[in-house]
Amino acid sequence: MTSATQVLEQSVVVFSHNYLPLCRVNIKRAIVLLVTNKAEPLEITTVSGWQVHSPNLVVYVPKHVRLKFTSYERIWKVPPVNRREVLRRDRYSCQYCDSSKNLTLDHVIPRSRGGQHTWDNVVAACERCNSSKGDRSLKEIGMHLRTTPKAPVHPTIAFAEQFWLDLQINVE
């Protein structure tokens, strides 16, 4: 049996009208969506939700709810390739040695060899790794990237991908 405070610390996954997982909300927000009839329970797993009691009402709150109204998806543009966005994507660490000091931008394929200033060619690198790499390719110098550089993904899409991966792992 879970206590009232443990129940209030839980979160609920909200799906769009088209069954796209959008985000997690706290259980209080989920109750408001259910009571105001803006969302409906969605049972996609065999795991049950929680019963929340008030003086006048008992509300069953499932682990997943689906919005009843169609919302317009906001247009999300891929941000420009700049220092701030590249450092954010690379979590403020060098992609060669994992250092977080004196970070610069490095072109994986050097611009002098035809490399472009694009998301899949620019990474964060510390000054030491960047200067030792110079204008050579990774094969020539024997360096390896910790992660493959790619453009940032819409936050909702990233949440949806992670949700379905987690659900597959829990089912297996």
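Me: How do the residues of the lining of the largest pocket divide into nonpolar, polar and charged?
Reply: This is a predicted model. In it, the lining of the largest pocket has 8 nonpolar, 5 polar and 5 charged residues.

Me: How much space lies in that largest pocket?
Reply: The largest pocket holds about 530 Å³ of space. It is lined by 18 residues, and Arg89, Arg91, Lys150, Pro152 and Val153 are the closest to its centre.

Me: Which helix gives the largest share of the lining?
Reply: Helix α6, residues 155-171, contributes the largest share of the lining, with 5 residues.

Me: Switching to strands. In what order do the 4 strands of the open sheet come?
Reply: The order is β2-β1-β6-β3, and the pairing is mixed. Strands β2 (21-26) and β3 (39-41) are the edge strands, each pairing on one side only. On average, neighbouring strands of this sheet are turned by 35° against each other, with direction ignored.

Me: And β1 with β6: how many bridges join them, and do they run parallel or antiparallel?
Reply: Strand β1 (residues 11-15) and strand β6 (residues 64-67) run parallel and are joined by 3 bridges.

Me: Which residue in β6 is the bridge partner of phenylalanine 15?
Reply: Arginine 66 is the bridge partner of phenylalanine 15.

Me: Which strands does helix α2 lie across?
Reply: Helix α2, residues 27-35, lies across β1, β2, β3 and β6. Helix α2 runs at about 110° to β2.

Notes
Residues numbered from 1 in each chain as written. Predicted model: local features only at pLDDT ≥ 70, side-chain atom pairs only at ≥ 80, totals over all residues. Heavy atoms only, no water. 1 Å grid on protein atoms, 1.4 Å probe; cavity = no way out; pocket = protein on both sides within 12 Å on 5 of 7 lines; lining within 4 Å. Points joined across faces, edges and corners; volume = space filled by probe spheres on them. Helix = DSSP H or I, 4+ residues; strand = E, 2+ residues; numbered from the N terminus. Nonpolar A, V, L, I, M, F, W, Y, C, P; charged D, E, K, R; others polar. Pairing = 2+ DSSP bridges. Axes fitted to C-alpha atoms, helices over the stretch in contact; angles between N-to-C directions. Contact = heavy atoms within 4.5 Å.
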